[in-house]
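Student: I should like to learn how to read the features of a protein model. Could we work through one together?

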Amino acid sequence: DAGTELRRARLLDRIAPADGGGPLVTILVAPVGYGKSTILKALSEPTGGGHGIYVSLADCEHHPALFLDLVASAVRRSGVRADLAPLLMLKKAVMLKQVAPVSEYGERLPRVLARVFEGHLDDGPLTLLLDECQAVEAGEPLARLVSGLLRPDARIKLVLSSRRQPPFDLTRHRSQGLLLELTGHDLAFTVDEVAELLDGVVGRP
């Protein structure tokens, strides 16, 4: 129920500080019920501190082209006046298999998204919010496509949510201090958050 959702300020401020800083990549790894999707959807709300684009990988059905289509739809919903033509051209190339191997699509994806948001990234970082990452298996085409967003030259922040460790190589990000890892211990409700949630429920008419 949206009326009883709790805004997890202590977590949101670590993932996306108001000054536009924060980690390049954040992963939220915990079982069902820890509020991972709620946090990602809160990050997709317009705040003036950047652009959050929410996509659930469970909706992609393992298809890279469907992932690109869902990203385009999320951009439209965000209200950002972006040029989606480069993204839709990449989707067409994926569908027609004009580039091989699939990892080459991933190498192109950060540049394509930079073109889509050209003129808007100066307003704040672009954050791609990828939910349900456990729906993707390591090595499959969709995983190789998304892995392109982890390239060193990508101007895109990532927040990944999963019930287990996501199937992407995050070794470089860990070693360079570019990764924030939040587990069930971090996501568990504090006493104050439980009290705030109960106050919201009890206080409703």
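The dialogue below takes up the sheet, a strand residue, a helix, the backbone angles and the cysteines in turn.

Tutor: Please keep in mind that this is a predicted model.

Student: Let us begin with the sheet. In what order do the strands lie, and is the pairing parallel or antiparallel?

Tutor: In general, the strands of a sheet pair through backbone hydrogen bonds, either parallel or antiparallel. Here, 5 strands make up an open sheet in the order β2-β3-β4-β1-β5, and the pairing is parallel. On average, and with direction ignored, neighbouring strands are turned by 15 degrees against each other.

Student: Which strands stand at the edges?

Tutor: Those are β2 and β5 (179-183). Each has a single partner strand, so one side of each is left without a neighbour in the sheet. For β2, the parallel pairing with β3 extends over 6 bridges. A helix is also placed here: α3 lies across β2 and β3 and runs at about 140 degrees to β2.

Student: Let us turn to helices. What span should the residues of helix α4 have, and how far apart are its end C-alpha atoms?

Tutor: Helix α4 (residues 85-96) has 12 residues, which at 1.5 Å a residue should span 16 Å. The end C-alpha atoms of α4 are 16 Å apart, in agreement with that expectation.

Student: Where do the buried residues of α4 fall when it is seen down the axis?

Tutor: The general idea is that an α-helix has 3.6 residues a turn, so residues three or four places apart point the same way. In α4 the buried residues are Pro86, Leu87, Leu90, Ala93 and Val94. Seen down the axis of α4, these fall within an arc of 120 degrees, so they line one face of the helix. The face turned away from the buried side carries the exposed residues Met89, Lys92, Met95 and Leu96.

Student: Are His62 and Glu132 buried, exposed or partly exposed?

Tutor: His62 counts as partly exposed, at 40% relative accessibility. Glu132 counts as buried, at 19%, because the cut-off for buried is under 20%.

Student: Finally, how many disulfides are counted?

Tutor: The approach is to compare sulfur distances with a cut-off, which for a disulfide is within 2.5 Å. The count here is 0 disulfides. The sulfur of Cys60 has its closest cysteine sulfur in Cys133, 9.7 Å away, which is too far for a bond. Cys133 is accordingly in no disulfide.

Note on methods:
Residues numbered from 1 in each chain as written. Predicted model: local features only at pLDDT ≥ 70, side-chain atom pairs only at ≥ 80, totals over all residues. Heavy atoms only, no water. Helix = DSSP H or I, 4+ residues; strand = E, 2+ residues; numbered from the N terminus. Expected span 1.5 Å × (residues − 1). Buried < 20%, exposed > 50% of the residue type's maximum accessible area, 1.4 Å probe, protein only. Arc of directions from axis to C-beta. Pairing = 2+ DSSP bridges. Axes fitted to C-alpha atoms, helices over the stretch in contact; angles between N-to-C directions. Contact = heavy atoms within 4.5 Å.
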